[in-house]
Amino acid sequence: MKFLDQAKIFIQSGAGGNGCISFRREKFIEFGGPDGGDGGRGGDVWAVCVNGLNTLIDFRYQQHVKAKTGGQGAGRNRHGAKGEDAIVKVPVGTQIFDEDGETLIADMTEEGQRVLLARGGNGGFGNLYFVSSVNRAPRRANPGQPAVQRTLWLRLKLIADAGLVGLPNAGKSTFLASTTAAKPKIANYPFTTLHPGLGVVRLADREFVLADIPGLIEGAHEGIGLGDRFLGHVERCRVLLHLVDGTGEDAGRDYRIVRKEIEAYGGGLSDKPEIVALSKVDALDSDRLKKQMQRLKKACGRVPIALSAVSRSGVPEALAALLKVIDSAQEDEEAVTPAKGISRQGGPRAQGDLDDEFEGDLP
């Protein structure tokens, strides 16, 4: 299955049904009077966060989502049926933006979360509604409200506890394959990884999710190479593991290149906790290893971890350091979590609360 992390869709709610102009025509009833029913309300368009999806590939083949129109009113005071709602199913971690691509409408971070994207139009009143003391036989009815049309952008950002960053061919995919059950493509050339990958690290009785993204090169924020758009998949990570290739010319220079691209990307990535590791140390002699460690230490301002994903030297230390930062971040999040019963932004709410919240934002 091809990985797709961005899609553009067109949504349309259902228009309301028209009201009916009708009069009773029954035998032996002298003054029947009006009996036109109201039109039915059009269907809404909802975004629902579901489990079992990990890409937006479905929206490449279905880019239009339309709810059903409300039924027309009829005689004998029969109201039109409500139009069926349309559901946009998205994977966990999807952000929904308006047509400009910058206005965030919703951030779908929890399974079962529902967000109203377009409200259906109300049905029109039939002529029975307009009966009054001075107008006993009205000959007017309202049309239903029109549908709401919107163009939206969907962007998927993977949800992981830790993320791998570094230059191409720095050993990120090898590290992911060595520590998880994931099977990424591994080869001895740059840009082997073209799409983000996820794996679950099991350390003793603990687990956490590790994300691997394509490598960054100098000028990635300007679109060189694969660009830096894939950095969005590590925005939600609590910690970054920065792998620097020990077989490169200058480990310090390689580290600064990636840090420069992370700072140019923004999104708060430069402020995230970072663990620096020199990879592929099994391919270095002692003198070369010492020089590269000194260069990397000078560039990052801390003592890096020397590891080899092939021989697993230094891998347990790196995983333990990641888990320590993850646990610390979880404790901080729990300390600021609102008390039970208070709804949090992005969490599941009752449908009535959702209606109230988004009523003023919908066109």
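Author: Start with a cut-off. Buried means under 20% relative accessible area, exposed means over 50%, and partly exposed lies in between. Keep in mind that this is a predicted model.

Reader: Then is Ile87 buried, partly exposed or exposed?

Author: Ile87 has a relative accessible area of 40%, so Ile87 is partly exposed. Ile87 sits in strand S4, residues 86-91.

Reader: Which residues does Ile87 contact, beyond its neighbours within four places in sequence?

Author: Trp46, Val48 and Arg114. Lys66 and Ile87 are 21 residues apart in sequence, and their C-alpha atoms are 9.0 Å apart in space.

Reader: Is Ser13 buried or exposed?

Author: Ser13 has a relative accessible area of 0%, so Ser13 is buried. Ser13 lies in the loop between S1 and S2.

Reader: What does the side chain of Ser13 reach?

Author: The side chain of Ser13 reaches the backbone oxygen of Arg119 at 3.0 Å. The side chain of Ser13 also reaches the backbone nitrogen of Val148 at 2.9 Å. Leaving out residues up to four places away in sequence, Ser13 touches several others, including Gly43, Val45, Ala67 and Gly120.

Reader: Now the strands. How do I read a sheet?

Author: Begin with a general idea. In a regular strand, side chains alternate between the two faces of the sheet.

Reader: How many bridges join S2 to S7?

Author: Four, and the two strands run antiparallel. Val45 stands opposite Ala118 in S7.

Reader: Which strands pair with S8?

Author: Take S1 and S5. S1 (residues 6-12) pairs with S8 (residues 149-156) in the antiparallel sense, over seven bridges. Lys8 stands opposite Trp153 in S8. S5 (residues 94-97) also pairs with S8 in the antiparallel sense, over four bridges. There, Thr94 has Leu156 as its bridge partner in S8.

Reader: How many residues are in the largest nonpolar core?

Author: The count is 26. Those with the most contacts inside this core are Ile11, Val45, Phe59, Val88, Ile96, Met108 and Leu117. S1, S2, S4, S6, S7 and S8 each give two or more residues to this core. Apart from this core lies another, of 22 residues, among them Phe208, Val239, Leu243 and Leu322.

Reader: What does Ile11 touch?

Author: Leave aside residues up to four places away in sequence. Among the residues that Ile11 touches are Val45, Val65, Leu117, Val148 and Leu152.

Reader: How do I check a helix?

Author: Compare its span with its residue count. H3 (residues 251-265) has 15 residues, so at 1.5 Å a residue H3 should span 21 Å. The end C-alpha atoms of H3 are 22 Å apart, which agrees.

Reader: What sits at the two ends of H3?

Author: At the start, a side-chain oxygen of Asp250 comes to within 3.0 Å of the backbone nitrogen of Gly252. Just after H3, Gly266 takes a positive phi of about 80°.

Reader: Which residues of H3 are buried?

Author: First the general idea. An α-helix has 3.6 residues a turn, so residues three or four places apart point the same way. The buried residues of H3 include Ala251, Asp254, Tyr255, Val258 and Ile262. Their cover includes S9, S12, S13 and helix H4.

Reader: How many strands form the sheet in the order S10-S11-S9-S12-S13-S14?

Author: Six, in an open sheet with mixed pairing. S10 and S14 are its edge strands. S10 and S11 pair in the antiparallel sense over seven bridges, and Gly199 has Leu210 as its bridge partner in S11. H3 packs on this sheet, and its direction makes about 140° with that of S12. Helix H5 (residues 315-336) packs on the sheet too, at about 105° to the direction of S11.

Reader: Where is Arg238, and what polar contact does its side chain make?

Author: Arg238 lies in the loop between S11 and S12. A polar contact of 2.7 Å joins its side chain to that of Asp161.

Notes. Residues numbered from 1 in each chain as written. Predicted model: local features only at pLDDT ≥ 70, side-chain atom pairs only at ≥ 80, totals over all residues. Heavy atoms only, no water. Buried < 20%, exposed > 50% of the residue type's maximum accessible area, 1.4 Å probe, protein only. Contact = heavy atoms within 4.5 Å. Pairing = 2+ DSSP bridges. Core = buried A, V, L, I, M, F, W, Y, C linked by side-chain atoms within 4.5 Å. Expected span 1.5 Å × (residues − 1). Polar contact = N/O pair within 3.5 Å; in protein donor to acceptor, adjacent residues only side chain to side chain. Axes fitted to C-alpha atoms, helices over the stretch in contact; angles between N-to-C directions.
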